[in-house]
Amino acid sequence: MARRRLDLTFPPRQATKPVAYHLVKDFDLTPNILRAQIQPGQQGRMLVEVTGKRESIDAAVEFLAREGISVAPAAADIVLDTDACVVCGLCTAVCKPGALTLEEGTAALRFDKDKCVYCEACVVCCPRRAVSLTF
Amino acid sequence: MAKSWEEINARIAAGEAVVVTSEEFAEIAADSGLKSAAKRVDVVTTGTFGPMCSSGAFLNFGHSDPPIKMGEITLNDVPASGGLAAVDTYLGATEPSKTKGIEYGGAHVIEDLLAGKAVRLKATGPGTDCYPRTEIDTWVTLDDLNQAYLFNPRNAYQNYAVAVNSSDRALYTYLGTLLPHFGNATYCSAGALSPLLNDPTYRTIGVGSRCFVAGAPGFVAWQGTQHNPNQARDEHGVPVAPSGTLAVIADLKEASREFFSAATFTKYGVSAFVGIGVPIPVLDEEIAVTLALTDADIHATVFDYGVQRRSRPALGRVTYAELRSGTIEVEGRKVPTGPISSLPKARRIAAVLKEWISERGWTLSQPLMPLPQPGTQSTKPLEIRTEEAI
(Lines give C-alpha, C1' and ligand atoms only; values in the text may rest on other atoms or scores of the structure.)
Protein backbone atom coordinates (compact mmCIF):
# COMPACT_ATOMS: atom_id res chain seq x y z
CA MET A 1 0.00 0.00 0.00
CA ALA A 2 1.21 3.46 -0.89
CA ARG A 3 0.12 6.86 0.28
CA ARG A 4 0.49 10.08 -1.64
CA ARG A 5 -0.67 13.66 -1.22
CA LEU A 6 -2.00 15.29 -4.34
CA ASP A 7 -2.72 18.92 -4.99
CA LEU A 8 -5.52 19.07 -7.59
CA THR A 9 -6.42 22.20 -9.52
CA PHE A 10 -9.77 22.12 -11.28
CA PRO A 11 -10.49 24.34 -14.28
CA PRO A 12 -13.83 26.18 -13.89
CA ARG A 13 -15.78 23.75 -16.10
CA GLN A 14 -14.55 20.70 -14.16
CA ALA A 15 -15.10 22.09 -10.69
CA THR A 16 -18.20 20.02 -10.03
CA LYS A 17 -16.81 16.66 -11.16
CA PRO A 18 -17.24 13.91 -8.50
CA VAL A 19 -13.55 13.11 -8.31
CA ALA A 20 -13.61 11.33 -4.95
CA TYR A 21 -16.22 8.90 -6.30
CA HIS A 22 -13.98 7.91 -9.22
CA LEU A 23 -10.94 7.53 -6.97
CA VAL A 24 -12.87 5.05 -4.83
CA LYS A 25 -14.92 3.18 -7.45
CA ASP A 26 -12.53 3.06 -10.39
CA PHE A 27 -9.16 2.90 -8.67
CA ASP A 28 -9.93 1.35 -5.27
CA LEU A 29 -8.24 4.23 -3.47
CA THR A 30 -9.07 5.69 -0.06
CA PRO A 31 -9.18 9.45 -0.46
CA ASN A 32 -8.80 11.71 2.55
CA ILE A 33 -9.68 15.27 1.60
CA LEU A 34 -7.51 17.55 3.72
CA ARG A 35 -8.58 20.79 2.18
CA ALA A 36 -10.86 21.85 -0.63
CA GLN A 37 -12.01 25.08 -2.20
CA ILE A 38 -14.53 24.29 -4.89
CA GLN A 39 -17.26 26.53 -6.29
CA PRO A 40 -19.28 26.02 -9.48
CA GLY A 41 -17.90 28.03 -12.39
CA GLN A 42 -14.64 28.91 -10.66
CA GLN A 43 -11.21 27.36 -10.54
CA GLY A 44 -11.08 24.95 -7.62
CA ARG A 45 -8.41 23.26 -5.56
CA MET A 46 -8.36 20.13 -3.53
CA LEU A 47 -5.66 18.71 -1.36
CA VAL A 48 -6.24 15.01 -1.04
CA GLU A 49 -4.28 12.19 0.49
CA VAL A 50 -4.85 8.90 -1.32
CA THR A 51 -4.02 5.44 -0.02
CA GLY A 52 -3.98 2.36 -2.24
CA LYS A 53 -1.85 0.35 -4.64
CA ARG A 54 1.01 2.28 -6.18
CA GLU A 55 -0.12 1.39 -9.73
CA SER A 56 -3.67 2.43 -8.90
CA ILE A 57 -2.46 5.83 -7.69
CA ASP A 58 -0.43 6.26 -10.91
CA ALA A 59 -3.47 5.26 -12.98
CA ALA A 60 -5.68 7.67 -11.01
CA VAL A 61 -3.25 10.52 -11.63
CA GLU A 62 -3.35 9.76 -15.38
CA PHE A 63 -7.14 9.69 -15.27
CA LEU A 64 -7.29 13.05 -13.50
CA ALA A 65 -4.90 14.57 -16.04
CA ARG A 66 -7.09 13.26 -18.90
CA GLU A 67 -10.06 14.91 -17.23
CA GLY A 68 -8.25 18.25 -17.42
CA ILE A 69 -7.44 18.43 -13.73
CA SER A 70 -3.87 19.41 -13.07
CA VAL A 71 -2.16 17.28 -10.46
CA ALA A 72 0.90 18.32 -8.51
CA PRO A 73 2.55 16.73 -5.51
CA ALA A 74 1.21 18.56 -2.46
CA ALA A 75 3.16 21.77 -2.14
CA ALA A 76 4.33 23.36 1.09
CA ASP A 77 1.09 25.16 1.69
CA ILE A 78 2.04 26.12 5.22
CA VAL A 79 4.45 29.01 4.84
CA LEU A 80 6.59 30.22 7.70
CA ASP A 81 7.82 33.81 7.54
CA THR A 82 11.24 33.22 9.07
CA ASP A 83 11.91 36.95 9.42
CA ALA A 84 8.86 37.36 11.61
CA CYS A 85 9.22 34.07 13.53
CA VAL A 86 10.94 34.43 16.90
CA VAL A 87 11.07 30.65 17.48
CA CYS A 88 8.96 30.88 20.60
CA GLY A 89 7.61 27.39 19.92
CA LEU A 90 3.97 28.10 20.78
CA CYS A 91 2.81 26.59 17.47
CA THR A 92 4.21 23.23 18.56
CA ALA A 93 1.81 23.27 21.52
CA VAL A 94 -1.27 23.24 19.28
CA CYS A 95 0.03 20.98 16.49
CA LYS A 96 -1.80 17.75 17.22
CA PRO A 97 -0.33 15.70 14.33
CA GLY A 98 3.20 16.66 15.44
CA ALA A 99 4.16 18.35 12.15
CA LEU A 100 5.68 21.32 13.98
CA THR A 101 8.29 20.37 16.54
CA LEU A 102 11.30 21.85 18.28
CA GLU A 103 14.57 20.11 17.64
CA GLU A 104 16.01 18.58 20.79
CA GLY A 105 18.92 20.59 22.11
CA THR A 106 18.89 23.51 19.66
CA ALA A 107 15.13 24.19 20.04
CA ALA A 108 15.05 25.08 16.33
CA LEU A 109 11.60 24.90 14.72
CA ARG A 110 11.07 21.97 12.35
CA PHE A 111 8.11 21.46 9.98
CA ASP A 112 7.31 17.99 8.65
CA LYS A 113 4.97 18.60 5.73
CA ASP A 114 3.92 14.96 5.52
CA LYS A 115 2.40 15.08 8.98
CA CYS A 116 0.53 18.37 8.45
CA VAL A 117 -3.26 18.07 8.09
CA TYR A 118 -3.75 21.78 7.35
CA CYS A 119 -5.93 22.36 10.42
CA GLU A 120 -4.57 25.91 10.72
CA ALA A 121 -4.23 25.75 14.52
CA CYS A 122 -0.69 27.17 14.16
CA VAL A 123 -1.93 29.97 11.88
CA VAL A 124 -4.43 31.04 14.52
CA CYS A 125 -2.12 30.77 17.53
CA CYS A 126 1.13 32.25 16.16
CA PRO A 127 1.65 35.49 18.14
CA ARG A 128 3.87 36.83 15.35
CA ARG A 129 1.33 35.98 12.63
CA ALA A 130 4.29 34.31 10.93
CA VAL A 131 2.46 31.21 9.70
CA SER A 132 0.14 31.33 6.72
CA LEU A 133 -1.64 28.86 4.52
CA THR A 134 -1.37 29.65 0.84
CA PHE A 135 -4.36 27.51 -0.19
CA MET B 1 37.53 32.23 47.79
CA ALA B 2 35.36 35.31 47.39
CA LYS B 3 35.79 37.95 44.66
CA SER B 4 34.68 41.55 44.96
CA TRP B 5 32.73 43.56 42.40
CA GLU B 6 35.78 45.84 42.06
CA GLU B 7 38.11 42.92 41.30
CA ILE B 8 35.74 41.54 38.70
CA ASN B 9 35.27 44.96 37.06
CA ALA B 10 39.02 45.52 36.99
CA ARG B 11 39.43 42.21 35.17
CA ILE B 12 36.68 43.18 32.70
CA ALA B 13 38.32 46.55 32.06
CA ALA B 14 41.68 44.83 31.48
CA GLY B 15 40.06 42.39 29.04
CA GLU B 16 41.00 39.48 31.30
CA ALA B 17 37.63 38.49 32.71
CA VAL B 18 36.35 34.97 32.16
CA VAL B 19 32.76 35.39 31.01
CA VAL B 20 30.47 32.46 30.19
CA THR B 21 26.76 31.95 29.70
CA SER B 22 24.68 30.29 32.37
CA GLU B 23 24.46 27.10 30.30
CA GLU B 24 28.23 27.05 29.83
CA PHE B 25 28.75 27.62 33.56
CA ALA B 26 26.63 24.58 34.41
CA GLU B 27 28.80 22.47 32.09
CA ILE B 28 32.04 23.82 33.58
CA ALA B 29 30.75 23.14 37.10
CA ALA B 30 29.73 19.60 36.13
CA ASP B 31 33.14 18.93 34.57
CA SER B 32 35.52 20.56 37.02
CA GLY B 33 33.46 20.99 40.16
CA LEU B 34 31.68 23.97 41.65
CA LYS B 35 34.67 25.24 43.62
CA SER B 36 36.92 25.36 40.59
CA ALA B 37 34.18 26.89 38.39
CA ALA B 38 33.49 29.61 40.98
CA LYS B 39 37.20 30.43 41.12
CA ARG B 40 37.81 30.41 37.37
CA VAL B 41 34.73 32.22 36.07
CA ASP B 42 34.16 35.93 36.79
CA VAL B 43 30.81 36.64 35.17
CA VAL B 44 27.85 34.52 34.09
CA THR B 45 25.43 35.93 31.53
CA THR B 46 21.73 35.13 31.36
CA GLY B 47 18.93 35.79 28.90
CA THR B 48 15.21 35.52 28.39
CA PHE B 49 12.89 36.38 25.50
CA GLY B 50 9.20 36.00 26.21
CA PRO B 51 6.01 38.02 25.94
CA MET B 52 6.12 40.71 28.61
CA CYS B 53 2.86 42.66 28.59
CA SER B 54 3.99 45.32 31.04
CA SER B 55 6.25 47.09 28.58
CA GLY B 56 6.11 50.39 26.77
CA ALA B 57 7.96 53.53 25.83
CA PHE B 58 8.12 57.15 26.89
CA LEU B 59 8.32 59.42 23.85
CA ASN B 60 8.86 63.14 23.37
CA PHE B 61 7.77 64.52 20.00
CA GLY B 62 9.17 68.06 20.16
CA HIS B 63 6.99 71.12 19.59
CA SER B 64 5.12 72.05 16.43
CA ASP B 65 4.60 75.65 15.36
CA PRO B 66 2.26 76.85 16.71
CA PRO B 67 2.57 74.35 19.56
CA ILE B 68 -0.08 71.98 20.89
CA LYS B 69 -0.77 70.49 24.31
CA MET B 70 -1.58 66.97 23.23
CA GLY B 71 -4.55 65.42 24.97
CA GLU B 72 -5.85 62.57 22.87
CA ILE B 73 -2.92 61.01 21.07
CA THR B 74 -2.72 58.15 18.59
CA LEU B 75 0.25 56.59 16.81
CA ASN B 76 -0.85 54.58 13.76
CA ASP B 77 -4.31 54.67 15.33
CA VAL B 78 -3.07 53.21 18.63
CA PRO B 79 -3.98 55.44 21.60
CA ALA B 80 -1.09 56.69 23.74
CA SER B 81 -1.35 58.48 27.07
CA GLY B 82 -2.16 62.20 27.00
CA GLY B 83 -1.74 62.47 30.74
CA LEU B 84 1.77 63.91 30.71
CA ALA B 85 3.31 67.24 29.62
CA ALA B 86 2.35 68.81 26.27
CA VAL B 87 4.34 66.60 23.90
CA ASP B 88 5.31 63.70 26.16
CA THR B 89 3.52 60.40 26.03
CA TYR B 90 3.70 56.83 27.26
CA LEU B 91 2.80 54.20 24.72
CA GLY B 92 1.82 50.91 26.33
CA ALA B 93 2.66 47.70 24.48
CA THR B 94 -0.77 46.10 24.94
CA GLU B 95 -2.87 49.07 23.73
CA PRO B 96 -4.97 47.88 20.75
CA SER B 97 -5.46 49.90 17.55
CA LYS B 98 -8.74 51.81 17.18
CA THR B 99 -9.13 50.37 13.67
CA LYS B 100 -7.27 47.05 13.62
CA GLY B 101 -7.97 45.94 17.19
CA ILE B 102 -5.52 43.48 18.68
CA GLU B 103 -3.90 42.65 15.34
CA TYR B 104 -1.91 45.89 15.71
CA GLY B 105 -1.11 47.54 19.01
CA GLY B 106 1.37 49.59 20.96
CA ALA B 107 4.02 46.87 20.65
CA HIS B 108 3.62 46.92 16.85
CA VAL B 109 4.10 50.71 16.81
CA ILE B 110 7.32 50.31 18.80
CA GLU B 111 8.47 47.54 16.44
CA ASP B 112 7.71 49.76 13.42
CA LEU B 113 9.68 52.63 15.00
CA LEU B 114 12.60 50.23 15.54
CA ALA B 115 12.32 49.19 11.89
CA GLY B 116 12.89 52.84 10.92
CA LYS B 117 9.35 53.25 9.63
CA ALA B 118 7.44 56.53 9.80
CA VAL B 119 4.47 56.38 12.16
CA ARG B 120 1.38 58.58 11.85
CA LEU B 121 0.96 60.84 14.85
CA LYS B 122 -2.44 62.41 15.42
CA ALA B 123 -3.38 64.46 18.45
CA THR B 124 -5.92 66.94 19.65
CA GLY B 125 -5.55 69.52 22.37
CA PRO B 126 -7.73 72.04 24.21
CA GLY B 127 -6.01 75.14 22.71
CA THR B 128 -4.54 77.34 25.42
CA ASP B 129 -2.76 80.69 25.38
CA CYS B 130 0.61 78.95 25.45
CA TYR B 131 -0.42 75.97 23.25
CA PRO B 132 -2.91 77.46 20.75
CA ARG B 133 -2.99 74.55 18.24
CA THR B 134 -5.93 72.18 18.72
CA GLU B 135 -5.13 69.48 16.15
CA ILE B 136 -2.10 67.89 14.59
CA ASP B 137 -1.70 65.16 11.96
CA THR B 138 1.88 64.31 10.99
CA TRP B 139 4.42 61.51 10.60
CA VAL B 140 7.38 60.75 12.87
CA THR B 141 10.29 58.32 12.87
CA LEU B 142 12.39 57.16 15.80
CA ASP B 143 15.17 59.54 14.69
CA ASP B 144 12.77 62.50 14.82
CA LEU B 145 11.94 61.99 18.48
CA ASN B 146 13.88 63.90 21.13
CA GLN B 147 13.73 61.11 23.65
CA ALA B 148 12.41 57.61 23.26
CA TYR B 149 13.06 55.15 26.02
CA LEU B 150 11.60 51.85 27.00
CA PHE B 151 10.33 51.78 30.54
CA ASN B 152 8.92 48.35 31.20
CA PRO B 153 7.25 48.11 34.63
CA ARG B 154 7.32 44.30 34.75
CA ASN B 155 9.80 42.17 32.82
CA ALA B 156 11.88 39.05 33.35
CA TYR B 157 9.45 37.19 35.60
CA GLN B 158 11.28 34.89 37.94
CA ASN B 159 9.70 31.61 36.90
CA TYR B 160 6.17 31.32 35.54
CA ALA B 161 3.12 29.09 35.53
CA VAL B 162 2.65 26.02 33.36
CA ALA B 163 -0.87 26.29 31.94
CA VAL B 164 -3.27 23.41 31.28
CA ASN B 165 -6.99 23.38 30.63
CA SER B 166 -9.32 20.86 32.28
CA SER B 167 -12.46 22.37 30.75
CA ASP B 168 -14.26 21.08 27.68
CA ARG B 169 -13.54 24.05 25.41
CA ALA B 170 -10.36 25.60 24.02
CA LEU B 171 -9.21 28.64 25.98
CA TYR B 172 -7.42 31.58 24.38
CA THR B 173 -5.02 33.00 26.94
CA TYR B 174 -1.83 35.03 27.34
CA LEU B 175 -0.19 31.60 27.50
CA GLY B 176 -1.54 30.72 24.05
CA THR B 177 -4.32 28.37 23.00
CA LEU B 178 -5.02 25.83 25.71
CA LEU B 179 -6.67 22.78 24.26
CA PRO B 180 -9.58 21.22 26.20
CA HIS B 181 -9.33 18.12 28.40
CA PHE B 182 -5.63 18.66 29.15
CA GLY B 183 -4.88 18.69 25.40
CA ASN B 184 -1.64 20.61 25.89
CA ALA B 185 0.48 22.51 28.40
CA THR B 186 2.26 25.77 27.69
CA TYR B 187 5.05 27.35 29.71
CA CYS B 188 6.94 30.60 29.58
CA SER B 189 10.40 30.85 31.08
CA ALA B 190 13.97 30.61 29.87
CA GLY B 191 14.49 28.15 32.74
CA ALA B 192 18.16 27.78 33.64
CA LEU B 193 19.05 30.79 31.44
CA SER B 194 16.51 33.10 33.09
CA PRO B 195 18.13 36.08 34.92
CA LEU B 196 16.31 35.91 38.24
CA LEU B 197 16.42 32.11 38.45
CA ASN B 198 20.22 32.37 38.45
CA ASP B 199 20.20 34.86 41.33
CA PRO B 200 17.10 33.66 43.14
CA THR B 201 17.45 35.78 46.28
CA TYR B 202 18.47 38.99 44.46
CA ARG B 203 22.01 39.16 45.86
CA THR B 204 23.53 40.77 42.77
CA ILE B 205 20.51 42.00 40.79
CA GLY B 206 18.98 45.15 42.24
CA VAL B 207 18.09 48.74 41.48
CA GLY B 208 20.82 50.16 39.24
CA SER B 209 22.06 46.83 37.83
CA ARG B 210 23.23 47.22 34.25
CA CYS B 211 21.45 44.86 31.94
CA PHE B 212 20.49 44.04 28.37
CA VAL B 213 17.06 45.42 27.44
CA ALA B 214 15.70 44.66 23.95
CA GLY B 215 19.19 44.85 22.47
CA ALA B 216 20.14 48.09 24.24
CA PRO B 217 22.30 48.57 27.30
CA GLY B 218 19.91 49.45 30.10
CA PHE B 219 19.34 49.33 33.81
CA VAL B 220 17.13 47.71 36.37
CA ALA B 221 15.09 50.75 37.43
CA TRP B 222 13.08 49.35 40.31
CA GLN B 223 11.37 46.22 41.53
CA GLY B 224 8.90 45.15 38.88
CA THR B 225 5.16 45.36 39.49
CA GLN B 226 3.78 42.33 41.33
CA HIS B 227 7.31 41.52 42.55
CA ASN B 228 6.55 38.74 45.01
CA PRO B 229 9.64 37.43 46.78
CA ASN B 230 7.45 35.42 49.18
CA GLN B 231 6.72 32.63 46.72
CA ALA B 232 7.32 28.97 47.62
CA ARG B 233 11.00 28.10 47.07
CA ASP B 234 13.01 24.90 46.72
CA GLU B 235 16.10 23.85 48.69
CA HIS B 236 18.28 26.23 46.64
CA GLY B 237 15.99 29.18 47.32
CA VAL B 238 14.67 29.06 43.75
CA PRO B 239 10.97 29.95 43.47
CA VAL B 240 8.75 27.20 42.06
CA ALA B 241 6.06 29.59 40.74
CA PRO B 242 5.90 33.22 39.47
CA SER B 243 7.89 35.35 41.91
CA GLY B 244 10.29 38.29 41.49
CA THR B 245 10.06 40.78 38.62
CA LEU B 246 12.14 43.68 37.27
CA ALA B 247 11.25 47.15 36.02
CA VAL B 248 13.80 48.06 33.36
CA ILE B 249 14.78 51.13 31.39
CA ALA B 250 16.79 51.58 28.18
CA ASP B 251 17.14 53.87 25.19
CA LEU B 252 14.71 52.77 22.48
CA LYS B 253 17.04 54.31 19.89
CA GLU B 254 19.67 51.71 20.81
CA ALA B 255 17.22 48.79 20.93
CA SER B 256 16.75 46.33 18.11
CA ARG B 257 13.88 44.56 16.43
CA GLU B 258 15.80 41.35 16.91
CA PHE B 259 15.08 41.61 20.62
CA PHE B 260 11.74 43.45 20.67
CA SER B 261 8.95 41.77 18.74
CA ALA B 262 5.26 42.61 18.88
CA ALA B 263 2.85 39.77 19.58
CA THR B 264 -0.86 39.14 19.20
CA PHE B 265 -2.44 36.38 21.21
CA THR B 266 -5.64 35.38 19.45
CA LYS B 267 -8.79 36.31 21.38
CA TYR B 268 -6.59 37.71 24.16
CA GLY B 269 -4.70 40.79 23.07
CA VAL B 270 -1.44 42.48 22.21
CA SER B 271 1.87 41.87 23.95
CA ALA B 272 5.55 42.24 23.22
CA PHE B 273 8.37 39.74 23.22
CA VAL B 274 11.16 41.52 25.08
CA GLY B 275 14.73 40.31 25.39
CA ILE B 276 16.27 40.78 28.84
CA GLY B 277 19.67 39.65 30.04
CA VAL B 278 21.44 40.39 33.29
CA PRO B 279 25.12 39.63 33.97
CA ILE B 280 25.84 38.03 37.32
CA PRO B 281 29.24 38.28 39.01
CA VAL B 282 30.55 34.99 40.42
CA LEU B 283 31.28 36.47 43.83
CA ASP B 284 31.58 33.19 45.72
CA GLU B 285 30.60 29.53 45.80
CA GLU B 286 27.19 30.35 47.22
CA ILE B 287 26.06 32.18 44.07
CA ALA B 288 27.84 29.57 41.96
CA VAL B 289 25.41 26.94 43.28
CA THR B 290 22.39 28.58 41.69
CA LEU B 291 24.33 29.66 38.56
CA ALA B 292 25.15 25.98 37.96
CA LEU B 293 21.54 24.78 38.15
CA THR B 294 20.17 23.25 34.96
CA ASP B 295 16.65 22.82 33.59
CA ALA B 296 16.53 19.46 35.40
CA ASP B 297 16.94 21.26 38.76
CA ILE B 298 14.37 24.04 38.31
CA HIS B 299 10.67 23.43 38.90
CA ALA B 300 7.52 25.16 37.73
CA THR B 301 3.98 24.69 39.03
CA VAL B 302 1.18 23.47 36.75
CA PHE B 303 -2.02 25.51 37.04
CA ASP B 304 -5.46 24.68 35.66
CA TYR B 305 -6.59 27.67 33.57
CA GLY B 306 -9.89 25.85 33.05
CA VAL B 307 -10.89 27.26 36.43
CA GLN B 308 -11.41 30.94 35.71
CA ARG B 309 -10.60 32.39 39.12
CA ARG B 310 -7.77 34.46 40.57
CA SER B 311 -6.45 31.41 42.41
CA ARG B 312 -6.31 28.55 39.95
CA PRO B 313 -5.84 25.00 41.25
CA ALA B 314 -2.20 23.88 41.29
CA LEU B 315 -1.78 20.41 39.80
CA GLY B 316 1.78 19.62 40.83
CA ARG B 317 5.30 20.54 39.82
CA VAL B 318 7.42 19.64 36.83
CA THR B 319 11.01 20.48 35.87
CA TYR B 320 12.00 22.57 32.86
CA ALA B 321 13.85 19.54 31.51
CA GLU B 322 10.54 17.64 31.53
CA LEU B 323 8.76 20.58 29.89
CA ARG B 324 11.42 20.77 27.16
CA SER B 325 11.16 17.01 26.53
CA GLY B 326 7.77 17.67 24.88
CA THR B 327 5.59 15.77 27.34
CA ILE B 328 4.78 16.12 31.02
CA GLU B 329 2.58 14.07 33.28
CA VAL B 330 -0.31 15.87 34.94
CA GLU B 331 -2.44 13.84 37.35
CA GLY B 332 -1.59 10.61 35.55
CA ARG B 333 -2.17 12.00 32.02
CA LYS B 334 0.55 12.48 29.42
CA VAL B 335 0.24 16.08 28.23
CA PRO B 336 2.19 17.49 25.24
CA THR B 337 4.01 20.74 25.99
CA GLY B 338 4.96 23.85 24.04
CA PRO B 339 7.00 26.88 25.10
CA ILE B 340 6.22 30.57 24.60
CA SER B 341 9.59 31.92 25.67
CA SER B 342 12.13 31.50 22.88
CA LEU B 343 15.12 29.40 23.91
CA PRO B 344 17.20 30.24 20.79
CA LYS B 345 16.70 33.97 21.47
CA ALA B 346 17.51 33.58 25.18
CA ARG B 347 20.76 31.87 24.21
CA ARG B 348 21.52 34.63 21.73
CA ILE B 349 20.98 37.31 24.41
CA ALA B 350 23.30 35.53 26.86
CA ALA B 351 25.89 35.29 24.05
CA VAL B 352 25.58 38.97 23.08
CA LEU B 353 25.90 40.05 26.71
CA LYS B 354 28.97 37.84 27.04
CA GLU B 355 30.50 39.60 24.04
CA TRP B 356 29.70 43.07 25.46
CA ILE B 357 31.50 42.19 28.68
CA SER B 358 34.45 40.15 27.45
CA GLU B 359 35.20 42.06 24.24
CA ARG B 360 33.89 45.57 24.80
CA GLY B 361 34.83 46.00 28.45
CA TRP B 362 31.22 46.46 29.54
CA THR B 363 31.55 46.49 33.33
CA LEU B 364 28.93 45.49 35.89
CA SER B 365 27.23 47.80 38.34
CA GLN B 366 26.64 46.86 41.94
CA PRO B 367 23.02 47.47 42.97
CA LEU B 368 22.37 50.90 44.46
CA MET B 369 19.52 49.40 46.44
CA PRO B 370 18.46 45.76 46.83
CA LEU B 371 15.16 44.46 45.52
CA PRO B 372 12.64 43.52 48.24
CA GLN B 373 13.95 40.28 49.72
CA PRO B 374 12.14 37.06 50.57
CA GLY B 375 10.11 37.59 53.73
CA THR B 376 9.45 41.28 53.09
CA GLN B 377 6.38 41.51 50.87
CA SER B 378 3.79 39.51 48.95
CA THR B 379 1.41 40.41 46.15
CA LYS B 380 -1.84 41.82 47.46
CA PRO B 381 -5.17 40.99 45.87
CA LEU B 382 -7.70 43.60 44.75
CA GLU B 383 -10.86 43.32 46.81
CA ILE B 384 -14.16 44.61 45.48
CA ARG B 385 -15.59 47.08 47.98
CA THR B 386 -18.37 49.61 48.17
CA GLU B 387 -17.87 53.15 49.42
CA GLU B 388 -19.79 52.30 52.60
CA ALA B 389 -17.45 49.40 53.41
CA ILE B 390 -14.30 51.56 53.45
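Start with an open sheet of four strands in chain B, in the order β6-β5-β10-β11, with antiparallel pairing. Strands here are DSSP E runs of at least two residues, helices are H or I runs of at least four, and both are numbered from the N terminus. Two strands pair if DSSP finds at least two bridges between them. In general, strands of a sheet pair through backbone hydrogen bonds, either parallel or antiparallel.

The edge strands of this sheet are β6 (78-80) and β11 (135-140) of chain B, each pairing on one side only. On average, neighbouring strands are turned by 25 degrees against each other, direction ignored. For such angles, axes are lines fitted to C-alpha atoms, for helices over the stretch in contact, and the angles run from 0 to 180 degrees between N-to-C directions.

Take one pair. Strand β10 (residues 119-124) of chain B and β11(B) run antiparallel and are joined by six bridges. B:K122 stands opposite B:D137 in β11(B). Helix α4 (residues 106-114) of chain B lies across β5 (72-75), β6 and β10 of chain B, at about 125 degrees to β10(B).

Before going on, some housekeeping. This is a predicted model: local features need pLDDT of at least 70, side-chain atom pairs count only at pLDDT 80 or more, and totals for chains, interfaces and linings use all residues. Residues are numbered from 1 along each chain as its sequence is written, while chains are lettered from A and ligands numbered from 1 in the order in which they are written.

How is chain B divided? It has domain 1 (5-52 + 151-369) and domain 2 (62-145), with bounds from an automatic or database domain assignment. The C-alpha centres of domain 1 and domain 2 of chain B lie 33 Å apart. In chain B, 14 residues of domain 1 are in contact with 14 residues of domain 2; contact means that the C-beta atoms, placed from the backbone, lie within 7 Å. On the domain 1 side, β21 and β22 (269-277) of chain B give two or more residues, and β21(B) gives the most, with five residues.

Next, a helix. Which residues of α2 (residues 22-32) of chain B are buried? They are B:S22, B:E23, B:F25, B:A26, B:I28 and B:A29. Buried means that 20 or more other C-beta atoms, placed from the backbone, lie within 10 Å of the residue's own. Their cover includes β1 (19-21), α3 (34-40) and α8 of chain B. Just after α2(B), B:G33 takes a positive phi of about 90 degrees.

Now chain A. It has four helices and eight strands, in the pattern β-α-β-β-α-β-β-α-β-β-α-β along the sequence. Its C-alpha atoms fill a box of roughly 50 × 35 × 20 Å, taken along the principal axes. Of the 135 residues of chain A, 32% count as buried.

Last, where the chains meet. The contact takes 22 residues from chain B and 15 residues from chain A. On the side of chain B that touches chain A, the largest share, four residues, comes from β21(B). That side has 10 nonpolar, 11 polar and one charged residues. Nonpolar covers Ala, Val, Leu, Ile, Met, Phe, Trp, Tyr, Cys and Pro, charged covers Asp, Glu, Lys and Arg, and the others, Gly among them, count as polar.

Key
Contact = placed C-beta atoms within 7 Å. Buried ≥ 20, exposed ≤ 12 C-beta atoms within 10 Å, placed from the backbone.
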